[in-house]
Structure formats: structure tokens, C-alpha cells
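Morning, everyone. Let's walk through one structure together. Have a look at it first.

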Amino acid sequence: MSDPDESAERPAGAWEVLADREYRAVFTASALSWFGDSAARAAVIALVYQRTESPIASAAAFAISYLPWLGIGAVLSAITERHSYRKIMILSDLIRMGIMTALAVFGGLPVGALIGLLFISALLSPPFDSARSALLPRILQGERYVTALTLQRTSGQFALIAGYAVGAALTAVDARYALLLNAASFGLSALLVAVRVQERTPSLTADKRTNLLRESAEGYTVVFRSPVMRSIALIVFCGVCFGVVPEGLAAAWSADLAGGPNAVYLGTIMVAAAVGFVAGSIVMTWLVKPQRRNAFIRPFSLLTPLALVPALFDLNIYGVLAMTLISGAALSGTLPATNGLFVQVLPPAYRARAFGVMQSGVHLIQGGSILFTGWLATHNPLPQVVGYFAIAGVVVMAVIVATWPAHATIADAIAANKVQVAADAHAASPGADEDFGEVTIDLGRAPLAARRSRPSPGPAQRRTPSAESRAESSAESSADPDAAERGPAQRRMPVSDPEERTVDLSERTTDLGALPPRSLSHGRGIVDG
């Protein structure tokens, strides 16, 4: 697990990352799934509305995809940790392919059955996403991993936009075509992962498993107990809470600006949010040196809500677009550095669960923020809602930024996790418990008395021995008949029992972050950075 902040001289290029066969398969599979999901979401909303003519039913069909992240996502991520990430991704894709095919073929099912099948399909998103997030650090490390995350986010935004456009176009002909397209995307995704991604052993081996609910709770514990990971989580959660507001209120905001529904204003606000997000990721990944990224975390975190404060002045469409663009760019600008730090301090055995916790938090906070600001906007002017909500965000983010760990704390957490990774690798290697033979150190003897340091003699003293020294040397020579045959250094060396020449190392240990006693021998401890 390399440290991009210290070991890398330059960012990794996109082609350098895409040259990796395994990552190329994961990248393409993810893009296909995102594209198909977006197309199917647009088609499902239209299909349910055509069947019921009910806005509530169509909204429920859209919102059902977020429901699994309400707690159950952590349990599903814990299940993912027990099995091969590759197999979890393949199985999730195949089941979702079957569900989408059934929705397209049996379009006459009752609405309740349609929504139920959608919920089952949505249940497979947490394990698939957690498995992919945990698999990436095992395929790529260091700057290549940071670049891979930027490519994932960028392709996700473009796939989202393209999927909505294609889904809307297919719905005008027949919504079932969009569902079949989504099924095909899941099938291709499963095929790519099966053919191109290598099989790896599960991170949570059988000897480390306890109870599924306990393992699910450990995902939250490992994130929020570590000062570094907790600070990263708070930065990300607070950032998405306020950065998502322009996109979430785009429909109402465009109508408020135009005096009525306006598709052009709506589209430009949505595109500005996506462009800002992509631009921030690209700039921070490829135009900023790895050693400088961490310095931008705190100012960009504050800029995310601060950029929306001018909404209080009731700006026109150009001002709204500028605010949305800056806020989105600032939010995405923090992600390359925070993601890089997160994976460096996260023990490998907790990756799927920890990423599941982060993804659950992001989904729930985004949905809650949109609902809350939307409710406020029904009773108050929308520009004031956005402006005052952004001011609250600046205050909250300032408190979080003030508690950001020091550089030494972050470095210690990274070093401690590297020790833990090495200990786990040693514990898992053959012969880890074998006897190492006669190479032992005696730690049980009393320490020798400390010797007093003597001042270095001057040149004159070294050249001319004193009369007392000459007399002492003569006495030693007469007392020891063999002294004349030994050199000066040998004559000065005291003769003692070799067994007495032991060194006590009990007081000379190095603190590596208070690792649990069992962690170095069995690899079970959790490193608390």
C-alpha cells in the first residue's frame, strides 16, 4: 500500500491506469452498469406512471433504489467481506440481469410486483458497489489508485447523463426496450469481470469471522474510531450534504428563475453540477502534484458550502450556474486526497464494510438534504433557503476543519496500518508459527550499569602517556606474563564470562501506535490511527 503523498513524483496518467487489464474490465463493467441503470430508471418511472397515472407511485419507483442503504446496506457489505469480491460482482450482475429481463418481458405485472422486483434489484447495489470499491485497492495502488477513482467518478457522471437521455428516447418508443438495454449491460458487466478479473481470497477469512451483525457494526467502528478516518468521513458527509443542494433543487430553482417550468434552465443547472464535479476531479488528480493535494482538503471543504452563500442576493441564472459550478468543483476537489488517505489507513480486512458505511452515509445524507431543503422551500423563498442553509454549512464545516488531524497523526496512522498489513501477510504465510531456531534474544537479565562517558583526550595527551599511565601499564605487564604478546587494545579489554555479556532490550522498544499484543502474531488487531 504505497503512499501517494510521499512516494509519487507525478500523478498517474489515464492511459497508464487503463493499461491494466483487470482495471480496464472493472472500469468498463461499472460504466455499462451506470449507463443501463440510468436508462432503466427513466423507463421505470415512465412505465409506472403509464400504468397508474400517479406521481406518488412513480416517485416511489425512483426512490426505491435508495432504500437498501438505510441500514441493510451495512449488513450486505459485511456479507461481501466474507466472499470473493469477483464472485459477488458477477452474481449481483447476473441476478439484476434476470430481474430487468423479467420486468421487460412481463410488463403487465401489478405495480406492487414491479416495485418489489425493483427493490430486489436495488438490494444488489450495496454488495456490488462495496465489492468494487474494496477490489480496486487490490488491483491498483498509490497514484494509479487515485487516478482510477477519478476515472470512475468522471465516467459515472457521463454515463448518468447519457443513460437518462437514451432512456427517455427509448421510453418514447417502448419503455421495455430500456429495460432490455439495462439487462444487456448487466450481462456484459458480469462477462467482463468473469473473464478479465483474477480470483482473490476473501479479506475476512473463516478464522476471523464472528457474527454477521457484529461484523456489520465493526464497519462503523473502524471508520469512526480512527481519528483520521472519522475526519475524512465527516468532511465527505458534510460536503455532499451541502454540495448536492443545487442539483436536488434544480427543478424548483429553474422554475423560480424563469417564472415557471423551464427545461433549458433545468438542464443547464444539472449540467453545471456535473461539469463542476468532473472538472474538480480532473484538476486535482492530474494538475496538482500528489504532495500538495492534502493541503487543499480544508480550504476546498469550506468552499463547498461557501460558494452557495451568494444565493441570498437572488442571483440570475448565470449567477446560479457559477455557484453550482464552483461548489461542485470544490466538493469533487477534496475527493482524490481524502480517498487516497482513506485507503492508506484502512485495514484491508474491513475495506468492503468501511466503503459500505461511506456509501450508505453519502446516499442517506444526500437524500435527507434534498428532502429538508425542498420542504423549507415550500414555505420560504428558495434563494433564502439555499443561502441560509449554506451559511449553516460553513459553520459546521469550519468546526470539522478545525479538528482535522495533524500531519504527524496522519503519518503515524499510515505507518501503523502498514505494520498491520505486514503482520497479516506474515500470519497468513506458510510456516508463520514455526520455531525460528537458535536466534533468540535474552530479555530477562538485569541491565548493565551505564558507563560514564569520558572526555576525549587532547592531541598532546594522546601522543605522550602520563607517568601514572606508564606505571600502571608496567604493573599490568608484570602481573600478566602474556600481556606483552597482546596488542594495546587487547590489553585494555577486561576479561569476563561470555554469559555475562547480555544486553537488556526491555526498555528499548519503539512505540508503533499501541498495536494489540495479538496483532503481530495473529493479525487480528484493529489499528486505531
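Start with the lining of the largest cavity: it divides into seven nonpolar residues, no polar and no charged. Here Ala, Val, Leu, Ile, Met, Phe, Trp, Tyr, Cys and Pro count as nonpolar, Asp, Glu, Lys and Arg as charged, and the others, Gly among them, as polar. A cavity, on a 1 Å grid over the protein atoms alone, is a set of points where a 1.4 Å probe fits but cannot get out, and lining residues have an atom within 4 Å of a point.

A word on the source. This is a predicted model, where local features need pLDDT of at least 70 and side-chain atom pairs count only at pLDDT 80 or more, while totals for chains, interfaces and linings use all residues. Residues are numbered from 1 along each chain as its sequence is written, and side-chain values use heavy atoms, with hydrogens and water left out.

Back to the cavity. Which residues line it? They are Val44, Leu47, Val48, Leu103, Leu114, Leu118 and Leu179. Two elements give two or more residues to this lining: helix H3 (21–52) and helix H7 (111–123). H3 gives the largest share, three residues. Helices (H or I, at least four residues) and strands (E, at least two) are DSSP runs, numbered from the N terminus. The volume of this largest cavity is about 50 Å³. Volume means the space filled by probe spheres set on the points, with grid points joined across faces, edges and corners. The structure holds three cavities of 30 Å³ or more.

Now the whole chain. There are 25 helices and zero strands. Of the 529 residues, 44% count as buried. Buried means under 20% relative accessible area, exposed over 50%, partly exposed in between (1.4 Å probe, protein chains only).

Next, the cores. A nonpolar core is a set of buried Ala, Val, Leu, Ile, Met, Phe, Trp, Tyr and Cys residues joined through side-chain atoms within 4.5 Å. The largest one has 79 residues. Tyr23, Val223, Trp253, Phe342, Leu346 and Val386 have the most contacts inside it. Helix H12 (residues 227–243) supplies the largest share, eleven residues. There is also a second, separate core of 20 residues, including Val44 and Leu114. Remember those two: both line the largest cavity.

Stay with H12 for a moment. Ser231 is found there. Is Ser231 buried or exposed? It counts as buried, because its relative accessibility is 7%. Leaving aside neighbours within four places in sequence, Ser231 is in contact (heavy atoms within 4.5 Å) with Thr403, Trp404 and Pro405.

Then Gly280, in helix H15 (residues 263–287). Gly280 is buried too, with a relative accessible area of 7%. Beyond its neighbours within four places, it contacts Ala329, Ser332 and Gly333. Its C-alpha atom is 9.1 Å from that of Leu335, 55 residues apart along the chain.

Leu335 takes us to helix H18 (residues 335–345). Ten of its eleven residues are buried, so H18 is largely enclosed by the rest of the structure. Among the buried ones are Leu335, Thr338, Phe342 and Gln344.

Last stop, Asp314. It lies in the loop between helix H16 (297–306) and helix H17 (317–333). Most residues other than glycine have a negative phi. Asp314 is not a glycine, yet it has a positive phi of about 55°. Asp314 is exposed, with a relative accessible area of 51%.

Note on methods. 1 Å grid on protein atoms, 1.4 Å probe; cavity = no way out; pocket = protein on both sides within 12 Å on 5 of 7 lines; lining within 4 Å.
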